[in-house]
Amino acid sequence: MSHDVPSVVFKTRVRNDALGGENPFEWKDLSSDEIFKGKNVVVFSLPGAFTPTCSTSHLPRYEELYDEFKAQGVDTIVCISVNDAFVMYQWGKSQNAKNVFLLPDGNGEFTRKMGMLVDKHNLGFGQRSWRYSMYVEDGEIKRLFSEKGFADNCPTDPFEVSDADTMLKYLQSR
C-alpha cells in the first residue's frame, strides 16, 4: 500500500554569488512538491552527517551508483538527515558529494511525519531519523526499505536494506 510523502517545507541554504563576500549563501524554502512532484526520486535517510556508517558507505555508494540509478529513470537522489543546512553543506563538501542532493530536515518535521523519528539520547544526538530508503514517483511512495529494529536509543545502527545496492536491485527488477 503506497501513500504520499509528507508535505513539509525544508529550510535550505543555496549559493548566490551575487551576494559576494566569504559566505555567499541565502536561505531558500523548498517544499515537498518542489522535490517530488512529477519526478522519480530515490530517498535515503540516515541518523547524522559525519557519522561513520553514513560517511563510509551509505552516502558514497549512492554517489557511486548515480549513473545506474539515472539509467533506471531516477531523476534525483536525495539524502535526508535531521541536521541543519550548515552541517549538511559541510558534510557534502567533505564527502565530495556531486550527485546526491543533501536535504536538511533540521526540525525533523519530514522525518516525524514519515514515522521515522527516533530518540538517540543514548548517543547525545537527541531526535534523529531511523535509517531507511524509499522510491518515490510523483510524490507517491512506491517502495520503502526500513532497517529492522526500529526503536528509541537503539544500541546498534543496522545497515542492511537501505543501501544503494538494494534500491538499485529493486528498481532493476520492476
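Which element gives the largest share of the lining of the largest pocket? In this predicted model, that share comes from helix H4, which supplies 5 residues. The pocket itself holds about 360 Å³ of space, and of the 19 residues that line it, Arg-13, Met-88, Tyr-89, Phe-101 and Leu-102 are the closest to its centre. Two or more lining residues are given by each of strand E1 (9-15), strand E2 (25-31), helix H4 (85-95) and strand E5 (100-104). By residue type, the lining divides into 11 nonpolar, 3 polar and 5 charged residues.

The UniProt annotation "active site", taken from an unreviewed entry, covers Cys-54, a residue that lies in helix H2, which spans residues 52-64. With a relative accessibility of 0%, Cys-54 counts as buried, because the cut-off for this class is under 20%. When residues up to four places away in sequence are not counted, Cys-54 touches Leu-46, Pro-47, Gly-48, Leu-59, Pro-60, Trp-91 and Arg-131. One of these contacts, Pro-60, is likewise placed in helix H2, but Pro-60 counts as partly exposed, at 26% relative accessibility. Beyond four places in sequence, the residues that Pro-60 touches are Cys-54, Ser-55 and Gln-95. The C-alpha atoms of Pro-60 and Asn-99 are 10.0 Å apart in space, while the two residues are 39 residues apart in sequence.

In soluble globular proteins, nonpolar side chains tend to be buried together. The largest nonpolar core in the model contains 24 residues, of which Val-42, Tyr-62, Phe-69, Ile-77, Trp-91 and Met-167 touch the most other members. Two or more residues of this core come from each of strand E3 (40-46), helix H2, helix H3 (66-71), strand E4 (76-81), helix H4, strand E5 and helix H6 (164-173). Helix H6 gives the most to this core, with 5 residues. Apart from this core lies another, of 21 residues, which includes Phe-10, Ile-80, Val-118 and Met-134.

Leaving aside neighbours within four places in sequence, Ser-133 is in contact with Val-43, Phe-44, Tyr-62, Arg-143, Leu-144, Phe-145, Val-161, Ser-162 and Met-167.

Val-43, one of the residues in contact with Ser-133, has its place in strand E3 and is buried, with 0% relative accessibility. A separation of 33 Å is found between the C-alpha atoms of Val-43 and Gly-21, which are 22 residues apart along the chain. By contrast, Ile-141 and Val-42 are 99 residues apart in sequence, yet their C-alpha atoms are 9.8 Å apart in space. Ile-141 lies in strand E9, residues 140-146, and is buried, with a relative accessible area of 5%.

Ile-80 is also touched by Thr-111, whose contacts beyond four places in sequence are Ile-80, Val-82, Asp-105, Met-116, Leu-117, Arg-128 and Ser-129. Thr-111 lies in helix H5, which runs over residues 109-113, and is buried, with a relative accessible area of 0%.

Phe-50, although not a glycine, has a positive phi of about 70 degrees, and its place is in the loop between strand E3 and helix H2. Asn-153, which is not a glycine either, has a positive phi of about 50 degrees and lies in the loop between strand E9 and helix H6. Phe-50 counts as partly exposed, at 46% relative accessibility, and Asn-153 counts as partly exposed at 32%.

Terms used: Residues are numbered from 1 along each chain as its sequence is written. This is a predicted model: local features need pLDDT of at least 70, side-chain atom pairs count only at pLDDT 80 or more; totals for chains, interfaces and linings use all residues. Side-chain values use heavy atoms; hydrogens and water are left out. On a 1 Å grid over the protein atoms alone, a cavity is a set of points where a 1.4 Å probe fits but cannot get out, and a pocket is an open set with protein on both sides within 12 Å along at least five of seven lines; lining residues have an atom within 4 Å of a point. Grid points are joined across faces, edges and corners, and a volume is the space filled by probe spheres set on the points. Helices (H or I, at least four residues) and strands (E, at least two) are DSSP runs, numbered from the N terminus. Ala, Val, Leu, Ile, Met, Phe, Trp, Tyr, Cys and Pro count as nonpolar, Asp, Glu, Lys and Arg as charged, and the others, Gly among them, as polar. UniProt positions are given in the numbering used here, feature names are shortened, and annotations may be inferred rather than shown by experiment. Buried means under 20% relative accessible area, exposed over 50%, partly exposed in between (1.4 Å probe, protein chains only). Contact means heavy atoms within 4.5 Å. A nonpolar core is a set of buried Ala, Val, Leu, Ile, Met, Phe, Trp, Tyr and Cys residues joined through side-chain atoms within 4.5 Å.
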